[in-house]
Amino acid sequence: MSIDIRIVPGLLPYREGWDMQHLLLEQVKRGDAPETILIVEHMPVFTLGFHGNAANMLADEKALKQRGAEILRVERGGDITFHGPGQIVAYPIIRLRDRHFGVKSYVDRLEQSVIDTCRTFGVNSERIENATGVWCGTGTATERKICAIGVKVSHGITMHGLALNVTTDLDWFKLINPCGFTSKGVTSIAMETGITPDFTQVTNILSENLLANLTE
């Protein structure tokens, strides 16, 4: 069973990407569209998971508007995170049941895709027990998240997904407790390597790794 990759050019407002996910989910549910991984780069936005704690947003809406950002509560799992320029956001719309994946197995495959991608660019990253996502410096006092993951499954079909920091301005994360953590940091491929990677190249490699891990 193949999966299509759809890369949206330019910076996409979050609400438009959200609408695209819902439309694709309904089309996949009806069999009117193939399973698809939607890959985007968003304009600045903070999203809070369905059960996330609003207190983890450290700035008020006025301050966010002044910086050209907004905050939205969405239906995915997880707490609060940031999406913006320099970050690859991947939204797989796939049928878990047809692929015989449980939710944990699916998330593991998303994480592995990011780990494989980071390795290509010389970044050592890993999982942390009881902390979804992908991390650098695991087991040290400077554990830092390079990729956030939050998913939603509806009628056995996935939506939402992962956000990999490539050249993201990490100062945005100072406005929140990222993913609800107060004792862990945030990083990016550029921060870890000291080199600005080619965004299109990272996007293509992540796409290849997602296809490999979700279709095996």
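Asp-116 counts as buried because its relative accessibility is 18%; buried means under 20% relative accessible area, exposed over 50% and partly exposed in between, with a 1.4 Å probe and protein chains only. This is a predicted model, in which local features need pLDDT of at least 70 and side-chain atom pairs count only at pLDDT 80 or more, while totals for chains, interfaces and linings use all residues. Residues are numbered from 1 along each chain as its sequence is written, and side-chain values use heavy atoms, with hydrogens and water left out.

Asp-116 sits in helix α4 (residues 103-120). Helices (H or I, at least four residues) and strands (E, at least two) are DSSP runs, numbered from the N terminus. Leaving aside neighbours within four places in sequence, Asp-116 is in contact with Asn-209 and Asn-213, where contact means heavy atoms within 4.5 Å.

Strand β6 (residues 87-93) is another buried element: 7 of its 7 residues are buried, so the strand is largely enclosed by the rest of the structure. In a regular strand the side chains alternate between the two faces of the sheet. From β6, Gln-87, Val-89, Tyr-91 and Ile-93 point one way, and Ile-88, Ala-90 and Pro-92 point the other way.

Two strands pair if DSSP finds at least two bridges between them. β6 pairs in the antiparallel sense with strand β2 (residues 36-42) over 5 bridges, and Pro-92 of β6 stands opposite Ile-37. β6 also pairs in the antiparallel sense with strand β10 (residues 157-165), over 4 bridges; here Gln-87 has Asn-165 as its bridge partner.

A further group of 3 strands forms an open sheet with mixed pairing, in the order β4-β3-β5. Its edge strands, β4 (71-73) and β5 (80-83), each pair on one side only. Neighbouring strands of this sheet are turned by 25° against each other on average, direction ignored. Axes are lines fitted to C-alpha atoms, for helices over the stretch in contact, and angles run from 0 to 180 degrees between N-to-C directions. Strand β3 (residues 45-48) and β5 run antiparallel and are joined by 4 bridges, with Val-45 partnered by His-83 in β5. Helix α1 (residues 14-30) lies across β3, β4 and β5, at about 25° to β4.
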